[in-house]
Amino acid sequence: MNKDCARNRNSDTENGIDRRGFLKCSALLGGAVAAGGGIPFFAALRNYADAMEEKTGAYIHHLPENQIYSACQQCNTNCGIKVKLVDGMVAKIDGNPYSPWAMTPQIPENTHVKDAASVEGSLCPKGQAGIQTLYDPYRIIEVLKRAGKRGENKWQTIPFDQAIKEIVEGGNLFGEGKVDGLKDIVVLRDKAVAKALAEDSALVAEKKMTIEEFKAKHAANLRYLIDPDHPDLGPRNNQFCLLWGRLKNGRAEFIRDFVAKECGSVNYHGHTTVCQGSLYFTGKAMSDQFVEGKFTGGSKFYWQGDTGNAEFAIFVGANPFEANYGPPLRVQKITEGTVDGRMKIAVIDPRCSKTASRAWKWLPVEPINGVGTIAMAMIQWVMDNNRFDAAYLSNANKAAARKDGEPTWSQAPWLVKIGEEGAPGKFLRGSDLGRARDTRTNKEGKGWDFDSFIVKQGSEFVSFDPNDEKNPVEGELFVDMTLDGGIRVKSVLQLIREAANKNPVEKWCDIAGVIKDDLIEVAKEFTSHGKKAVADIHRGVSQDTGGFYNVCAWYTLNCLIGNIGWQGGLCKSTTYNYAGDKPGKPFNMSVQHKNAMKAWGINIIRHTSVYDKTTMFTGYPAKRTWYPFATDIYQEVIPSIGDMYPYHIKALLMYMGSPVYSLPSGHTLINILKDPKKLPLFIASDIVVGETSMYADYIFPDTTYLERWEFPGAHPSVAPKVFPVRQPAAAPITPAVKVFGEDMPMNMEAMILAMAEKLGLPGYGEDALGAGVSVKREEDLYLRMVANVAFGDKPDGSDKVPAADKEEMRIFVEARRHLPKTVFDEKRWRKVVGEELWPHVVYVLNRGGRFQAYASAYKDGQLVNKYDKMVGLYFEKLATTRHSMTGKPYLPHATYLEGPTDCMGNLIQDRKKGFDMSLITYKYITQTKSRTSGDYWLSAVYPENYVEISAFDSGRLELKNNDMVRIVSATNPDGVWDLGNGVVKPIIGRIKVLEGIRPGVVAFSLGHGHWAQGAMPFEIDGKAISADPRKARGFHANAAMRVDPVLKNTTLCDVVGGSAVFYQSSVKLIKA
Amino acid sequence: MARILPSEDLLSRMQRDLKRSISGDRSKIKWSMVIDLAKCAGCHACTVACVAENKLPPGVVYRPVLEEEIGTYPNVRRRFIPRPCLHCQNPPCVKVCPVTATYKNEQGVVVVDYNRCIGCRYCLVACPYAARTSDFGEWYTKGTPGTSENLLGKEKCSEGYENNPAAEYGKKWPRRGKGSPIGNARKCHFCLHRIENGMLPACVTTCIGRATFFGNRNDPESLAAQLISSPRVFVLKPELTTKPAVYYLK
Amino acid sequence: MRYKYFGLLIILAVLGLIVGSFGLAERLLNGLNPTALGSYIPWGLWVAFYLFFLGLSAGAFLVTIMTYVLGMKQFEHIGPLAAFTVLIALLCEVQFILLDLGQFHRALYQFFLSPSFTSLMTWMFVLFNAMLVIYALKTFLLIRGNMIKMADKEKGRLLKNIYKLLVLGQTSYSEQQRANDRRWVGILAKISLPVGLLFYGTNGTFFAILISRPVWNSALTPLLFIVAALLSGGALITFLTYLFRLKDPLNANGFCREEQLCLDLGKIILFLLIVFLALEALQFFVGYQTGTAAIVTSLNLIVGGPYWWAFWIVHVLIGSVIPLLLLLFGSHNPRSVVWACFLIFVTFLAVRFNFVMPDLAVYKLEGLEATFYHPRLRTEYIPSLNEWLVSPWIVSSGLIAFLMGTRFLPVVTDETGGAANE
Ligand SMILES: Nc1nc2c(c(=O)[nH]1)N[C@H]1C(S)=C(S)[C@@H](COP(=O)(O)OP(=O)(O)OC[C@H]3O[C@@H](n4cnc5c(=O)[nH]c(N)nc54)[C@H](O)[C@@H]3O)O[C@H]1N2
Ligand SMILES: Nc1nc2c(c(=O)[nH]1)N[C@H]1C(S)=C(S)[C@@H](COP(=O)(O)OP(=O)(O)OC[C@H]3O[C@@H](n4cnc5c(=O)[nH]c(N)nc54)[C@H](O)[C@@H]3O)O[C@H]1N2
Ligand code: SF4
Ligand code: SF4
Ligand code: SF4
Ligand code: SF4
Ligand code: SF4
Ligand SMILES: [Mo]
């Protein structure tokens, strides 16, 4: 400071009085005196000087030219972010004020970026720390090829082009014998041949054609098949399998469609079932509609509460304060709601989660079977006390719903035929009552027979068409009778009631371990707000062996108050169409694959195919579970590869996933991945050497969420129609590579394009999207998708966003001055979408996406972007399909299934064997699975996780705070992770004793106990890489979770909804 | 029957309040913060946002969030108490500073002049709320592999978030090396550098619970001023008569 | 003056300097980073040493007061030595404090640019400098007479010139000049009495004004500090006097002059010890009576905390009870008196420690330790190697200066230190 004075003094003499300098100096002295209690004049001067100092303006984050709007991906909430750049590096990340994730309501879309520059919304701590994920010292920047055995964690760096060549062409890549390259696997390319084989193999499966006939007919092409004796397994292309963890739109079109639509493999599987599978697949079942004679078209989706408008919300196994989708999006709505008096919340969770700590009621539920039983008890109480919305429920079809101004209608009054042993079967149909079918023609002009459904009205049995918009039909809700024809029928709601009445409320509460009066109070509250109450459920409900039925029961409960589609009720997500497959849209992206063969055959996890309807059928049980009603069964992919059932996978490409770390009992995968015989080629795309990618043959470095494109979509609780855009904000840290003659950063897109180029696949390069429209770079897809969104969803373009004005165009380019040509080139980008659309695209990019105004998302007490179709409560499909392991049909409606069970439905009772604690897991706000270990700001807040137990158990087991304990289970008696490379990592953690956790429960938070990503030393090009102890802190207890006793190499699983099971393992704590 | 939707986020309201104040007579400004414990979700976003905004080194923190569990099973509550510098209007820390490196500025913000601070740490000892920490020149990337090892490496990462100090007090500070603020006392400064540019403090904007409010308590129009008059209001350790400008709501 | 152990002590000091220089270098290169200090225990070993030397200077100060203010003749002979000791002690103190500052170069000018007089540290700075000036002058006036003599007696070129320089080229020293100096010494002594008391008091007030520090925050603290300083310092001086004793001439009861001094000092030490223990007892009594949670926890921490032994065994038993008995029943045996003094000052670090630690060791907010993790945000503190290395450097630098002074300057003379024999 005195230096300044000196300097300024000089400057005084040199160039007259330097006012600031003068002030500053006098300020020092003055300040001194003033502080000494003296002369106010000096004090005033000093303060003035301080004010001046604060204006010296070294702060430049608030200038629009230093900002790019994008989307976070530290967790899957994908909040809108504002990335602030200084000298070409990310200096700070904040919330995007245009995004409904970061503000409620967000600022108006037409706010000029100039004016938005100093406005920012909220982010969770992980979002704030994203900069350390981008700049993680352990990020890989070259292609790594294993130098030792699989998992030995010794690597060599090799040139990108060489890696691509080796992978595509194969050969003796590791000195362990010949390895098939992709070109040896992706053999069937001919569309016509593929089609012919596909159709006839289906006939064979349906037993309409014999194997001999088939072989004779296709003798020339049998070489394309995995197994000519089982043609329905499909072509050898299927032996190339893609497995991804976190994959969103845009990037999905890149990597998934490369495998599915260009390489023609049916094996492209996501991680849904490790996440909240049964939530999605119950949603799929419930959204099936009656189309042309069958129930179909259900979409893989789920509902969440309209957080900002509900008057009462029950969060069941859902934790919006610490996890969920997600804190910035939902917490504000809850805190403002609860504190400012709009809403009340109840939380059903074995832990007093941070959400529970703010709840009006916390029900510390028993993990193993609690959530299902509470649902049953609530349903029973609501029905017995007639607190359900009878008017809504009695609507049997669309017309009836419309008449009442209801967005949806259910199957509650529909009649179902009951079989011999009282098991419900198919719906009662007109034909059963001897009523005529009427023949209708569909759009393609094909005819089909309509056989009406039946409800009871007094003595009448009324026929109806669920989709009829003219004749409203209502029916009685509780029917149980035998028709004159001797057919026993029950209404759907009757069946559900019977399920709920299996036990008296007391008994249900006992099983759930909750107090009856609490439950009744919650049920009362739930039914005291009309349609503005909601039960919001997540992983705690879905990740059980009975997950499908738990979810179904809770959604049924919501249905009882008819809250779907209503403001403050159940909400679904809606996004702008980016694929362009709608009339009027500028770019129809689907044409990209018009010349590629269509994938067909049974996939490795046997999803959406029925065991006894394939040539693989050899009686019950099957070798492994088949999944007719779920897809993306994460925990089944690698174990099936291990068992080579139903066939051998030759190459596995893994993207942004880490099943070994993230799956329950993920340790079982290690032995499979380690074995080149079971899995000859394993390629991973990752940003570090991860817990699973460390077992790969090749790891391709990817760009992180801050350096790349993606379109994250939305979450059910987001009421407005949206389309967030993730776009390159930081300059890529990976080197540039050349593909299709273009320079681009080394990342997933480059990897895929290079493989496609080498394989010579039709959907890439010149004219891939039509004459003059090529696909050679990532933005060739991404910018056009953004253009589709900018254009909007009205064919006449009236839904188009405004064009960016000159100033916004300038800011757009300025803000990207730090991006290399390999990423951003204004002329090139402009050319991709064309002069006319360019300013509109910029408008969207300048805002990090397109977001409908909050107010426009609601109308007359309903959601504008609502689910407005039939809500299925009874699933005929399930009643008529046989379980591959038992041969029995599945239960077709909401009910309670005791768990945990193995894949054959047998109860597992480890508790009896002395494993006296139930292991549960949850997410701490600062941690994610594998993406926060390098975020040192976060480890300062939460350096390690704990073995959390109740004060009761701490007394019982004589365990105090900070005691170290080992977690052991029936299937992991040693309580270890055997990494298969000589390293054995014990599952030992530090005890934390809490009041806020149910006795008998031990909880641990996700995200610690890493062994890769720098948590342990490894080797590149013979150089030892030192480990960072901070990354290894804490423990990870997934390996203590129960392994399925029948399948032996995978976790327990919900055989209907596909969920991997996280909350039903019994363990023992042993002092370490 | 349809609920009236909020017309704007409280953040917008507070930012308007703030802009009104700084464009008016600055000598009338007295900045205040209000933290609503009933709305705090204990997410620690404010802690990390502050660390990120001010590029704080290891061991230096301006706004930790205290967590406590109250009651016994099953009647349990958890309470989260964020603790920035409370900007005491009667600040013990200021009295003890031998060289007036720390003082209460005109707007009631207790600041540290890094160029004056001799690093005696008397103020650390004097603050009753442990709101001051000293910069001992630590690095978050200490001990991570270097660029030479075919990874991104330490050097590039430090460049990313450690080498270039934040513009605290609106000043450009020397590249992080031996000079200030290393060796100085550091503390929350209400993000004066942001206020000067019409922005709310980083911990306020990032607050996912909308539990942290900021404004000019001399402006009766401001949300902050209105909240201070809430019956739920209290301050930490009132018996010490430090007169914090940071208020809490029960 | 020549005395035994000189060579040995020099070697020790030089070793200390060599070893310490490593620590010093690291400290100067990497600031406070190599220390184990943190934000919740911001002061550690070096401040403890500072307080220790503070005590030492206080002891010497005590002697000078007794000699030149109270005119107790028996001490006159160690008067100059005492004054000189104060000087050295002050120089050690300032080194410890400077090196403890995060930006110590600024201390050199910032105190002049923007001092704050609400801060006790500023006053310490002022009073410290006052003491420095007073004692520099005092020492000078006390020894210049003999130095002038030595200057022309001295054969060695170097020393001769040094002496010349020190006496500002003066060659003769008249009786009346000597009287003059004596008068000035008297005046300076009288000034130094209030200044000194203020200085030592301030060091206590420094802690006393901290409202958030329950134990320190009391009017007793400054008083406790003064007494503590005098006690520890007095004890140390007594020990040193004994250490540097010249055997002859023995007096009637077979003691040499220094041994006699030790007995006299012993009486004062006994008095100070009793006062100190009384004050301390009072502190505990009042503390527990108020029943304020914070105070009680801190006091409990002292008597029952992890460092209970430092209080009970080191301080109470070894540092107080035994010396008390020795001083009461061995009052006419120099050895037992010196032993008592030895025990008092060696255990005094424990007293300092007990004073500083407990108040710092309680987190100021409940749960603070679990909010943000870093070694520097904890209340455990063990001095780092660097802190241990820097300390001997400073101590040795002081020791060297002391040895050189006592060896080559006439601070210890057989004749009553320059006192005129009226
Ligand atoms: N104990 C416990 N386990 C859990 C959960 C739990 O609550 N408790 N939660 C479960 C849930 S909800 C889920 S969704 C799963 C998720 O599990 P996964 O889908 O397997 O996802 P992650 O474990 O996050 O693995 C991410 C991998 O991708 C890498 N990666 C990160 N960023 C990028 C990138 O930009 N590009 C590429 N190519 N790779 C990247 C990381 O390094 C890591 O290797 O975990 C489940 N596991
Ligand atoms: N911090 C953080 N947030 C995240 C993620 C992350 O990794 N970290 N990941 C995102 C992803 S991918 C997902 S899928 C969501 C998941 O979001 P959520 O499902 O809401 O969060 P979880 O913590 O997985 O589990 C929710 C709650 O279930 C409780 N629970 C455990 N066992 C039981 C039980 O038996 N019964 C009941 N009723 N409750 C039980 C847990 O205590 C926990 O509080 O979070 C997203 N948000
Ligand atoms: S919740 Fe946090 S981590 Fe997840 S996306 Fe949002 S800001 Fe990022
Ligand atoms: S909280 Fe502490 S640092 Fe902040 S003003 Fe008050 S005393 Fe000073
Ligand atoms: S550390 Fe700095 S601010 Fe604190 S008292 Fe010392 S000089 Fe003042
Ligand atoms: S106001 Fe700024 S400096 Fe203070 S705690 Fe908040 S973010 Fe940190
Ligand atoms: S950001 Fe807000 S909600 Fe989160 S801890 Fe800080 S104050 Fe609480
Ligand atoms: Mo998930």
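**Figure 1. Interface of chain B and chain A.** In this interface, 99 residues of chain A are in contact with 88 residues of chain B, contact meaning heavy atoms within 4.5 Å. The model is predicted: local features need pLDDT of at least 70, side-chain atom pairs count only at pLDDT 80 or more, and totals for chains, interfaces and linings use all residues. Residues are numbered from 1 along each chain as its sequence is written, chains are lettered from A and ligands numbered from 1 in the order in which they are written, and side-chain values use heavy atoms, with hydrogens and water left out. Chain B and chain A bury about 7,500 Å² between them, with 59% of it on carbon and sulfur atoms; buried area is the accessible area (1.4 Å probe) that two parts lose on being put together, summed over both. Three salt bridges are found across the interface of chain B and chain A, a salt bridge being a side-chain nitrogen of Lys or Arg within 4 Å of a carboxyl oxygen of Asp or Glu. Glu67(B) and Lys354(A) form a salt bridge through their side chains, at 3.1 Å from N to O.

**Figure 2. Interface of chain C and chain B.** Here 46 residues from chain C and 50 residues from chain B make up the contact. The two chains bury about 3,700 Å² between them, 61% of it on carbon and sulfur atoms. Of the area that chain C buries against chain B, 16% is supplied by Lys364(C), Leu365(C) and Phe372(C), more than by any other three residues. Two salt bridges are counted between chain C and chain B. Asp100(C) pairs with Arg121(B) in a salt bridge whose closest N and O atoms are 3.0 Å apart.

**Figure 3. Packing of helices α15 and α22 in chain A.** Helices α15 (residues 370-384) and α22 (residues 547-560) of chain A pack with their axes 9 Å apart and at an angle of about 25°. Helices (H or I, at least four residues) and strands (E, at least two) are DSSP runs, numbered from the N terminus. Axes are lines fitted to C-alpha atoms, for helices over the stretch in contact, and angles run from 0 to 180 degrees between N-to-C directions. α15(A) and α22(A) are therefore roughly parallel to each other; angles under 35 degrees count as roughly parallel, over 145 as roughly antiparallel, 65 to 115 as roughly perpendicular and the rest as oblique. Residues of α15(A) that meet α22(A) include Val371(A), Ile374(A) and Met378(A), and among their counterparts in α22(A) are Trp554(A) and Leu557(A). By class, this contact of α15(A) with α22(A) has twelve nonpolar, three polar and no charged residues. Ala, Val, Leu, Ile, Met, Phe, Trp, Tyr, Cys and Pro count as nonpolar, Asp, Glu, Lys and Arg as charged, and the others, Gly among them, as polar.

**Figure 4. Crossing of helices α9 and α10 in chain C.** The axes of α9 (residues 257-290) and α10 (residues 293-304) of chain C come within 8 Å and cross at roughly 135°. That makes α9(C) oblique to α10(C). Phe284(C), Gly287(C), Tyr288(C) and Thr290(C) in α9(C) meet residues of α10(C) including Ile295(C) and Leu299(C). The contact of α9(C) with α10(C) divides into seven nonpolar, three polar and no charged residues.

**Figure 5. Backbone features in loops of chain A.** A cis peptide bond, with omega near -10°, runs from Thr104(A) to Pro105(A). Pro105(A) lies in the loop between β3 (89-95) and α4 (113-116) of chain A. Glu292(A), a residue other than glycine, has a positive phi, near 45°.
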